[in-house]
Every structure is written in structure tokens, then in C-alpha cells.
Amino acid sequence: MKCEWVLENILLHIYNELPDDARYELEQHVARCTDCAAELKSTRQFHATISQFPVSEPSPNLVAGSRMRLQEALETTEQGGFWQRFLFDPGAWLRPIKLAPALTAAIFILGFAGGIGATYQVMNGRPSVEMPAATPVESSISGIRSVTQQPGSSQVSIRYDTVSTQEAQGSLNDQRIQQLLLFATRNNYNSGVRMDSVDLLTQTPNDAHVREALLYALRYDSNPGVRLKAIESLGSYVKDDVRVRDAVLEALVHDSNPGLRAQALRLLEPVRADSSVRVVLQKLAERDPNQYIQEQARNVLAQTAGMD
């Protein structure tokens with residue numbers, strides 16, 4: 001065992017995340033190597049120090065943004081299929097079971113109970129009872145496959161994945177449909193599905209949860225088309241909602257898409273007399289790299305001067 005490997009896995013050892021055999025090898029190496037022993041001692045002291053501080057829960061936006069980036073990374077990563085892992089790397093799927101005897105026992109008990117229940121139903125000739133559709137839990141959804149609205153109606157059909165692909169149908173006012181749409185705007189790896197979801201949510205922007213999702217899409221979505229749909233739907237709230245105004249100002253200054261920045265500038269014209277808006281416009285008029293944005297900012301400022 002080399003020191004480089006030990007240094008890379010010391011944190012896993014401290015958090016008890018190493019397999020038993022790897023932990024044994026690391027402890028044997030540290031007993032012989034003074035440098036690695038000193039590093040382990042220092043890391044343990046650091047861990048003990050930071051453990052004294054309270055742990056803050058991550059914000060919903062941070063969690064959702066992290067999920068979106070992870071899903072986009074997974075989409076572009078080439079991965080082996082189940083049978084490839086089953087045939088050529090059995091340790092990859094056996095290792096978690098080996099290290100979790102409680103989980104193994106739970107799976108065995110559930111399977112055994114399910115088998116008894118199925119046998120009992122067959123022997124007594126009782127038909128299985130169909131359970132009513134439950135509201136999908138966000139943590140159980142792995143992705144949204146498609147969002148489709150029936151022409152000329154408010155009925156929406158959403159196909160989503162859990163263990164297997166499922167489908168939910170209902171009105172835009174249906175709680176299940178709204179929850180899935182909100183999930184899709186924040187977490188789905190398919191930009192087309194996110195765009196369809198944002199497009200449907202723009203029909204009910206008065207809802208607080210919907211407006212929050214649109215603000216999130218404007219700030220963090222990687223697809224400029226999704227961001228543009230979000231900012232267009234939020235335009236009517238720039239005057240009365242300070243959060244919307246701040247998000248539009250942020251898009252005007254930082255967004256990478258010139259078309260979206262131009263749209264943000266147009267939406268801010270009704271509130272151009274606002275002090276925060278005027279400060280941003282002055283900066284853009286002086287030194288924005290986009291000539292069109294710079295010129296339009298000057299025009300808006302000129303109109304503002306006429307109002308004074």
C-alpha cells in the first residue's frame with residue numbers, strides 16, 4: 001500500500017466509509033509510516049474541531065441546483081449497462097450488500113412476506129386490490145421523460161421515472177401535476193422537458209410556488225430558451241415584486257445570452273426611475289461590452305432624465 005492511496009482515503013477512514021479490508025490495510029500502514037500517522041492525527045483533530053460547530057441545512061436552491069448539475073453530468077457520462085456491471089464487476093453491486101447486513105435482512109424479510117402474501121391470494125382466489133394513485137414524492141422521482149398538454153384543454157400528461165417509467169394525467173390545477181411540473185423545472189436533465197414545464201407553469205404565475213420555480217429557472221437553468229420563457233412570464237411582476245425585479249436586474253447584468261439581456265432591459269423600463277435600476281443602467285451605459293445593451297441603457301436613462 002502506497003502513501004498516496006492512504007492520504008487520499010484518510011477522510012473516508014475517519015467517517016467509517018472504507019470497506020473492512022481497506023480499513024485494516026490502512027491501519028497497518030499507518031502503524032509503520034510516521035508521515036501517514038501524523039497526517040491521520042492532524043485530520044482527526046481537524047474533524048473534531050469542525051464537529052463542534054452546528055451543521056446548517058443547505059438551501060432548497062442549492063440542493064436543486066446540485067441535482068440539476070449532477071443529472072447533466074450523468075447524461076454526458078458514458079456508463080456501462082446493468083448486465084455489463086453484473087458480469088464484469090459483481091463486486092460493485094455485492095459490496096453495498098456485504099457492508100449492510102441490516103439492509104440485506106430487510107430485503108429478505110420483505111421478499112419473504114411478499115411471497116407469502118401472493119401465495120395466500122392465489123390459493124384463496126382473491127383478486128389483488130388496486131391502490132389509488134399517490135402523490136409522487138420528489139425524492140422518489142429519478143427524472144421526467146415528457147410533458148404534453150392536450151390541445152385546447154388544461155389537461156396535462158406527464159411521464160416520469162421512479163424504479164420504472166410511470167405516467168400521471170390531470171388538469172393544471174391538479175396537485176400531482178403541479179408537483180411534477182415544479183420538479184421538472186428544477187431537476188430534469190432534459191432541457192426540452194424543462195422548457196415544456198416552464199411553458200405550462202407560465203399559465204399560473206400567480207401561484208407562489210410557481211413563481212419561485214420560474215425565478216429559479218431564470219437564475220440557474222443552463223438552457224437560454226428556458227430562461228427566456230421564465231423571464232417573459234415574470235415580466236408583469238417586475239413593478240410589484242421586488243424579488244422578480246432583482247432577478248431581472250441580475251439577468252441583465254450577468255446572463256450570457258444577449259437576447260435575454262435585451263428582454264430584461266425592456267421589462268425594466270416601467271421601473272427605470274427606481275434607484276437600484278438606475279444604478280445598473282448607468283454602469284451598463286458607461287462600459288457594457290455589448291454595444292446594443294449599452295446604447296439601449298443610455299436611451300432608457302435619457303427617458304428617465306425627462307421624468308425628473
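Helices (H or I, at least four residues) and strands (E, at least two) are DSSP runs, numbered from the N terminus. With that in hand, Arg227 is found in helix H11, which covers residues 224-234. This is a predicted model, where local features need pLDDT of at least 70 and side-chain atom pairs count only at pLDDT 80 or more, while totals for chains, interfaces and linings use all residues. Residues are numbered from 1 along each chain as its sequence is written, and side-chain values use heavy atoms, with hydrogens and water left out.

**The chain overall**

- The protein chain has 15 helices and three strands.
- Of its 308 residues, 32% count as buried; buried means under 20% relative accessible area, exposed over 50%, and partly exposed in between (1.4 Å probe, protein chains only).
- The accessible surface of the protein chain comes to about 19500 Å², and 55% of that belongs to carbon and sulfur atoms. Accessible areas come from the Shrake-Rupley method with a 1.4 Å probe, and for residues only the protein chains shown count as cover.
- Take the contacts in the protein chain between residues at least 6 apart in sequence: 52% of them join residues at least 24 apart. Contact here means heavy atoms within 4.5 Å.

**Helix H11 and its partner H13**

- Two packed helices are described by the angle between their axes and the distance between the axes. Axes are lines fitted to C-alpha atoms, for helices over the stretch in contact, and angles run from 0 to 180 degrees between N-to-C directions.
- H11 packs with helix H13 (residues 258-267) at an angle of about 5 degrees, and the axes are 10 Å apart. H11 is therefore roughly parallel to H13. For the wording, angles under 35 degrees count as roughly parallel, over 145 as roughly antiparallel, 65 to 115 as roughly perpendicular and the rest as oblique.
- On the H11 side, Pro224, Arg227, Leu228, Ile231 and Glu232 meet Leu260, Gln263, Ala264 and Leu267 of H13. By class, this contact of H11 with H13 has six nonpolar, one polar and two charged residues.
- The classes work like this: Ala, Val, Leu, Ile, Met, Phe, Trp, Tyr, Cys and Pro count as nonpolar, Asp, Glu, Lys and Arg as charged, and the others, Gly among them, as polar.
- Arg227 itself is buried, with a relative accessible area of 7%. Not counting residues up to four places away in sequence, Arg227 touches Ala217, Leu218, Asp221, Ser222, Asp255, Ser256, Asn257 and Leu260.

**Helices H12 and H14**

- The axes of helix H12 (residues 242-254) and helix H14 (residues 275-287) come within 11 Å and cross at roughly 5 degrees. H12 and H14 are therefore roughly parallel to each other.
- Arg245, Leu249, Leu252 and Val253 in H12 make contact with Ser276, Val277, Val280, Leu281 and Leu284 in H14. The residues of this contact divide into seven nonpolar, one polar and one charged.
- Val253, in helix H12, is partly exposed at a relative accessible area of 36%. Leaving aside its neighbours within four places in sequence, Val253 is in contact with Arg261 and Val280.
- Val253 and Ala264 are eleven residues apart in sequence, with 9.3 Å between them in space, C-alpha to C-alpha.

- Tyr160 has its place in strand E2 and counts as buried at 6% relative accessibility. Its C-alpha atom is separated by 5.3 Å from that of Arg145, 15 residues apart along the chain.
- Gln150 is found in the loop between strand E1 (143-149) and strand E2 (155-161), and at 40% relative accessibility Gln150 counts as partly exposed. The C-alpha atoms of Gln150 and Ser171 are 21 residues apart along the chain and separated by 10.0 Å.

**Cysteines**

- The structure holds zero disulfides, a disulfide being a pair of cysteine sulfur atoms within 2.5 Å.
- The cysteine sulfur closest to that of Cys36 is in Cys33, 3.6 Å away and so too far for a bond.
- Cys33 is buried, with a relative accessible area of 15%, and Cys36 counts as buried at 2% relative accessibility.

**A loop residue with positive phi**

- Asn16 lies in the loop between helix H1 (3-14) and helix H2 (20-32). Phi of Asn16 is near 55 degrees, a positive value in a residue other than glycine.
- Asn16 is exposed, with a relative accessible area of 62%.
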